[in-house]
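Please look over the structure below before reading on. The numbered points that follow take up selected features in turn.

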Amino acid sequence: MSSHHIFGIRHHGPGSARSLRKALEDLAPDAVLVEGPPDAEPVLPLLAHPEMRPPVALLVYAADQPRDAVFYPFATFSPEWQAISYGLGRGLPVRMMDLPQWHQLGQNKDQADGAELEDSDPQPSALSPQPSQDPMGWLAQAAGFSDGERWWEQMVEQRRDSADIFAAILEAMAALRAESPPPEPSEARREAWMRKTIRTALGEGFTRVAVVCGAWHGPALIDLGDRKGDAALLKGLPKTKTAATWAPWTYGRLSYASGYGAGISSPGWYDHLWAHEEQVTVRWMTRVARLLRGQDLDGSAAHAIEAVRLAESLAALRGHPLPGLDELNEASRAVFCFGGDAPMRLIHDQLIVGERMGAVPDETPSVPLQQDLQREQRRLRLAPEATWRDIDLDLRKPFDLERSHLLRRLGLLGIAWGQLQSGGGTGTFREVWRIEWRPDLAVALIEAGIWGNTLRDAARARALDAAERAADLPDLVGIVNQVLLADLPDAVPALMAWLQERSARTADVAQLMDALVREDRLTRSSLVASLRYGGVRNTDTAAIAQVVDGIVLRVCIGLPGACSSLNDDAAGAMFGRVVAVAAALRLLQQPEHLEAWHQSLLRVADLGAVHGLVGGRCCRLLLDAGAIDAEEAARRVGLAISQATAPAHAAAWVEGLLKDSGAIVLHDDLLWGILDGWVASLTPDLFLQTLPLIRRTFATFAPAERRQMGERARRGAASGPASPRADDDDIDAARAEAVLPLVGRLLGFIEGGRFIEGGRFIEGGHKARPDTLIH
Amino acid sequence: MSQRLREHAEHQYAEELRALARQDTRPRPSGWLLSPWAVATYILGGTLDDGTVIEPKYIGSRRVIEIAIATLATDRGLLLIGLPGTAKSWVSEHLAAAISGDSTMLIQGTAGTSEESIRYGWNYARLLADGPSAAAMVASPLMRAMQDGKIARVEELTRIPAEVQDTLITILSEKTLPIPELNSEVQAVKGFNLIATANDRDRGVNDLSSALKRRFNTVVLPLPDTIDEEVSIVQRRVASLGAALELPAEAPALSEIRRIVTVFRELRGGQTADGKTKLKSPSGTLSTAEAISVVNSGLALAAHFGDGVMRADDAASGLVGAVIKDPVQDRLVWQEYLETVVKERDGWKDLYRACREH
């Protein structure tokens, strides 16, 4: 007499789960065996914990190599879930009977191949071209259905009650397996282990053992006779130490679209089928109507009524007893959406897939890093949520600053919980993050466990490791920026030493310039910005200052060499760098930097072989900074555009001088005067010759600017608009300071307790933007 | 052979409809001549148990047709939407023919369609002579369809002024048409329903009010999915039109049809069939229906002025005419397509030369 009863199920099938639950109640077994990893048995009792909310996943990982991990996702409608909770609820012994991951993960390591991980996923329903892998596909084809999912849904999932179904499934599978080639070795081993587990249970004296497994395995578990053969199959398997835990999961990740998907495309629909035995169609359409109403779309009860009628007549037309998801979708599209796709996408995301996220109880074993993160999340009141939301951080507040540090440390560890959003205003004291907790982040977190036991340690170790392997200087600077913004001061000295060393060895001036000013994608900050604004973030700036000093010096020395013999593309890139470095140095306001920089620019401007674009801009920067006077500048303009110069060079020079500064030409008396004077000094013939060269640049200015320039030229130099470039001496310091308290309050300064340096506006009148005042 | 230029669907396919009715054992909604399954077979084609071959009227997604039929079976109005030339009117005519055996209850929607042409008008001579009476009334096709329990069709619903459109609301929801002048009403007999068609591009002309929208189930007729599907549509329609027009020409070679369909699909989709080159799209819709008429006119040219076999020359004039709707913009698009795609393609030299001459 057979005393074990086999229940072949379809993973994550609500109909299967319902039939199984009923069959178990009828059978009243004294032990339950479920296809799943025995590694998980220590954490299995947590499943019955009141705080455990599916969807969740069992995570089994190699203890010494958490990267090597397998997930077993469960939803409340998964038959395995129902079987385990049935067993636990009645105090029965519940055992997992699949080949343990302590053997399988070992195999993966031997083969050094990630593909095996897919195979170990216990999902025969994942469709595959191999007939043995897709038994339902074959049966469905025989029954005239287009694919296995549909067939199973029609035949099994939508049935409400019938315990015989399991006998029928077993029979069908046996017939199918008789026609198929023998199972692969890995498959055979798994089934051997299952048989072994069943034998053990029977040996212990259990008399009614319920065996819950994927339908395909059923026939292989009937005959337990071949003890020897199984022992031979299971001999000499490698062994690894594994650990298991529960991780929260989402319906989105159960669906096809995502990596560790369970192969079901409509978890939300299955959930609906599981939750409502009666009035499936009516309830579904009501939910559609409510969803659409919530989004301000048409979705009245009248719509729902018509949609139900259409779905039912469609099902009748197609000869189905009840409308399936296809019929419901087609009815929704015709009635609610007027044939459109956009509302259907909404229905798909919110209802068919669903956004439900599971939760695990606090007692769930977790890796130390996970615990640290949970502590931090509680302390900083940032709850992990499946839907994204934006948080607005004011870095002047210590609490917000720490939140920013947390998100940035996670970023360093490759756990992208938060995305820094653009458009947070010009001030750097404000950050907007979009946070969205995805279950794969839990995986990444466990992976990151190899770097350390607290976020701080792990982030530091990971950053130092990355810095050591950084390919070039800008990469290294990127890491330095991340470390500075993540407030990991212990890592800074070592990084700075490397930076110093790298920059000393780098011969490439362009890289050095990039290192100074390039904003990296993750932090949106540059080395210079970190130095200048470090105070707001309470970063230690002394070490950075030293490195910046070194780099600036090397740039100034190397610049003339780097600017000679450039082709057009290289000159364009260098132009951008020179402009950026000039802006950065203006920001830093270090006299010694500026002096060295101007010397260097002067040498570039004098260089014979310099590309016009760069030479022209150097002249302009010198003029703006007051390093050369108007007369000298005018001389240089004349020189650059004289007849002997090659036209292309001259045109590039003018472009370098004036690029992107139409408005400045118009309003800067000095520049205007130089240009005006120079044009006026040309003879008519010379003017005609020069005209095309200048036009090349002027044509890039906005039409309105050109018109104003023309008007101003016609009026003559004397009657230009009032000069905004007031002399420093004209400022009445006392009157200016009178408004500062109010400005300070408007800008939120008084709160920060800081004040504008020296109580003076920064030089350059119109160039001082609000953000320079703030920091 | 009948002397009429074009037969109604129910006459042209009378034989098929009779065969279907004979074989049809499934339940029929009241007022329907065929069961929904038989209607689906009539539209999508198939072979009956007695060997009668039902020619497919619509080539494309089965689901679309099933939704349309199920909608009509639930006595909801059916709104067919699609680009010009996606067989909206064609499908609605055949649905009406199969369900009611009568596809003539037709109201053509235009900007000038008045409320009288939807509800009823008056024979003014009698109205003046006898006063309002049932005899003085002129029923609209819609009213007749209600009285007889048949399918009424409204073509180009969105071209009808919005206030006239709304006349349909009562008819669709209450299934009655009040006649206040006679203090009576017409109540629809079972089997009555309404199929309206509307053009995707015209959505903005007179958008449906949401009250009216709510009373229709909307089905979007897509452009043909694959080139094979489209070639097969063109071929079938050309063959049946050619037979009706008694053209002496040979049936066009499949390769010639495929070439024309390829040109249409490429220009419509904005890239070459191999997905390698981007193209500009002309202003016209370049629907399958237009491809059919290009092949047809090519066929006629070949029959009457050529040797009876359609060649590149015969196709070219129709092709150019179909593509170039805007003399300036589209000509540029077409020239570019000729020079960059047609000229380079193997075996298309004749088409290139022929199109250059036009």
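Notes on the structure

1. Helices α22(A) and α25(A) are oblique to each other (angles under 35 degrees count as roughly parallel, over 145 as roughly antiparallel, 65 to 115 as roughly perpendicular and the rest as oblique). The axes of α22 (residues 509-517) and α25 (residues 568-588), both of chain A, come within 10 Å and cross at roughly 45°. Axes are lines fitted to C-alpha atoms, for helices over the stretch in contact, and angles run from 0 to 180 degrees between N-to-C directions. Helices (H or I, at least four residues) and strands (E, at least two) are DSSP runs, numbered from the N terminus.

2. This is a predicted model, in which local features need pLDDT of at least 70, side-chain atom pairs count only at pLDDT 80 or more, and totals for chains, interfaces and linings use all residues. Residues are numbered from 1 along each chain as its sequence is written, while chains are lettered from A and ligands numbered from 1 in the order in which they are written.

3. The crossing of α22(A) and α25(A) is left-handed (the near helix is turned anticlockwise from the far one by less than a right angle; clockwise would be right-handed). On α22(A) the contact is made by A:A510, A:M513, A:D514, A:L516 and A:V517, and on α25(A) by A:R577, A:A580, A:V581 and A:A584. Contact here means C-beta atoms, placed from the backbone, that lie within 7 Å. By class, these residues are seven nonpolar, no polar and two charged (Ala, Val, Leu, Ile, Met, Phe, Trp, Tyr, Cys and Pro count as nonpolar, Asp, Glu, Lys and Arg as charged, and the others, Gly among them, as polar).

4. Between the chains, 15 residues of chain A are in contact with 19 residues of chain B. On the chain A side, α13 (301-317) and α14 (325-335) are the elements that give two or more residues. The largest share, eight residues, comes from α13(A). That side has seven nonpolar, three polar and five charged residues.

5. Chain B has 17 helices and eleven strands. Of its 358 residues, 44% are buried (20 or more other C-beta atoms lie within 10 Å of the residue's own; exposed means 12 or fewer, partly exposed in between, with C-beta atoms placed from the backbone).

6. An open sheet of five strands in chain B has the order β4-β7-β10-β3-β11, with parallel pairing (two strands pair if DSSP finds at least two bridges between them). At the edges stand β4 (106-108) and β11, each with a single partner strand, so one side of each has no neighbour in the sheet. From one strand to the next the twist averages 20°.

7. Within this sheet, how many residues of strand β3(B) (residues 77-82) are buried? Six of the six are, so the strand is largely enclosed by the rest of the structure. Residues B:G77, B:L79 and B:I81 are buried on one side, and B:L78, B:L80 and B:G82 on the other. β3(B) pairs with β11(B) (residues 216-220) in the parallel sense over five bridges, where B:I81 has B:V220 as its bridge partner. Five bridges also join β3(B) to β10(B) (residues 193-199), again parallel.

8. Two helices of chain B lie across the sheet strands. Helix α4(B) (residues 62-73) lies across β3, β10 and β11, running at about 165° to β11(B). Helix α8(B) (residues 141-148) lies across β4 and β7, at about 160° to β7(B).
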